[in-house]
Amino acid sequence: MDRVNPATGEALGVVEADDEAEVETALETAAETFETWRDVPLAERENLLSNAADVLRENETEYAELMTEEMGKPLAAARSEVEKCAWVCDYYAEHAGEHLQDDHIGTEPGVDSFVAYEPLGPILAVMPWNFPFWQVFRFAAPHLTSGNVGLLKHASNVPGCAAAIEEVFREAGYPEGVFQTLLVGSDLVDDVVEDDRVKAVTLTGSERAGRAVAETAGAELKKTVLELGGSDPFVVLDDADVEAAAATGARARTINSGQSCIAAKRFVVHTDVYDEFVEAFVAEMDALDVGDPTADVDLGPQARADLMDDLHDQVERSVAAGAHVELGGEPLDREGFFYPPTVLTDVPRDSAVAEEEVFGPVAPVFEVADEAEAIDLANETDLGLGGSVWTADRERGTRVAREIESGTVFVNELTKSDPRLPFGGVGDSGYGRELGAMGIHEFVNRKTVWVQ
Ligand code: NDP
């Protein structure tokens, strides 16, 4: 696996992938470890998770620098990511017990009945590079604590992060085999999914990868959770605080240099505030600093050359279809894979940036006549992950939020994940939920017990 610094394009070295014998050893270790790990008292598993939070905090700088080096995230954002990983560990260390305690239903008279939550076994996590620590910890924190063991197949461009995460669990005192990294390319994933020792799979990434993994898992009748990105609408209604919407909208589009599944990807703006919004939004996007991610910047490079090329191709196709470039629109003329904040208006509703997921700092802005058209346009996608609605009227915001077909909607705030809240999508954004109580219940046997 080639490690490349996206800020410079320079090779950082090659990491030897695991061979089939190493994968076999890991699978066997996972299956054997599960038999003892499942019986470790929950309180002990929670303590280990607290230790993992400590290890993360102690080594924040090291892990942040690794992320920045491998995928170009600005260092301050990488630090925040490590802190968020520690938060999800704290959350489940504190709440796993309450989420996993027997749920007494009480089918009276004279009968005790309850639901028990029991682990399934080794779970495969296929994870992406964009939040290389967070995506893994939001899987591992709940599912190791519920008594499963984890196998991580991380994205091929972040093998250093994968190894460092394995080390977090080792340093925290977890038994060998509870969390293992498989350094393999995507071509070996099918074999792992088909292996009898693997009981379920979760994938975060592209629709293409999700469909491939779900097909193989489906043939094996194995449970999957899929988190496949979005094309989140950012709806600005006529009574919105336009300045606030423009400022937050610029952050919501450019978070992680635009490479977030829940970034705002389509700006849907009421005609009464359209001109005012576009002017303020372009100013906010223009004010963002792009550059060396080890410095104090807002945006770093795109994570890989091919991803930047795909992004620019989406812009070029949309411009050819009639979109107008208000800002940006060309890769930066410098080393590395830098794409500037870009704003497009007059965007045809059947153009690339309207119809495809845009994984970079490119914002199409659409003008709509009224609230009904805003909702129509917001729902004009097969993706349904998040969304954001801006209005001075919270009741109106809540009503519009209910009309948007997605897994999450925030009113007067950007969409973000939070360990306490379920996270996931509908439609082509996938299915299943991560985080909160619902997240930890995805990979357990919800066993009904009836006692006469
Ligand atoms: P991928 O979906 O290809 O990568 C995500 C993970 O899936 C990686 O671990 C990858 O492994 C693995 N993978 C890829 N193809 C398969 C397959 N057929 N079977 C099993 N596993 C597979 O994303 P890309 O990095 O190529 O990014 C492409 C686009 O995907 C982005 O532009 C964005 O639109 C979307 N995306 C969405 C993310 C999200 O947060 N929802 C995150 C990342 C990407 P390997 O790296 O070895 O190929």
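**Figure 1. Strands β4 and β20 pair in the antiparallel sense.** Eight bridges join β4 (residues 112-119) to β20. Pairing requires at least two DSSP bridges between two strands. Strands are DSSP runs of E with at least two residues, and helices are runs of H or I with at least four, each numbered from the N terminus. Aspartate 112 stands opposite valine 451 in β20. The open sheet here has three strands, ordered β3-β4-β20, and its pairing is antiparallel. Its edge strands, β3 (103-104) and β20 (444-451), each pair on one side only. The model is predicted: local features need pLDDT of at least 70, side-chain atom pairs count only at pLDDT 80 or more, and totals for chains, interfaces and linings use all residues. Residues are numbered from 1 along each chain as its sequence is written, and side-chain values use heavy atoms, with hydrogens and water left out.

**Figure 2. Seven strands form an open sheet with mixed pairing.** The strand order is β12-β13-β14-β11-β10-β16-β17. At the edges stand β12 (324-327) and β17 (410-411); each has a single partner strand, so one side of each is left without a neighbour in the sheet. Strands β13 (residues 342-345) and β14 (residues 362-368) run parallel, joined by three bridges. Threonine 342 stands opposite valine 362 in β14. Strands of a sheet pair through backbone hydrogen bonds, either parallel or antiparallel.

**Figure 3. Helix α2 covers residues 42-58.** At 1.5 Å a residue, its 17 residues should span 24 Å, and the end C-alpha atoms are 25 Å apart, which agrees. The expected span is 1.5 Å times one less than the number of residues. Buried residues (under 20% relative accessible area, 1.4 Å probe, protein chains only) of α2 are Arg45, Glu46, Leu48, Leu49, Ala52, Ala53, Val55 and Leu56. Seen down the axis of α2, they fall within an arc of 165°, so they line one face of the helix. The arc is taken from the directions from the helix axis to the C-beta atoms. These buried residues pack against α1 (20-37), α3 (60-71), α4 (75-100), α5 (134-145) and α6 (159-172). Contact means heavy atoms within 4.5 Å.

**Figure 4. The protein chain has 15 helices and 20 strands.** Its radius of gyration is 22 Å, close to the 22 Å that the globule rule gives for 452 residues, so the chain is as compact as a globular protein of that length. The radius is taken over C-alpha atoms, and the rule is 2.2 Å times the number of residues to the power 0.38. Buried residues make up 59% of the 452 residues.

Methods:
Buried means under 20% relative accessible area, exposed over 50%, partly exposed in between (1.4 Å probe, protein chains only).
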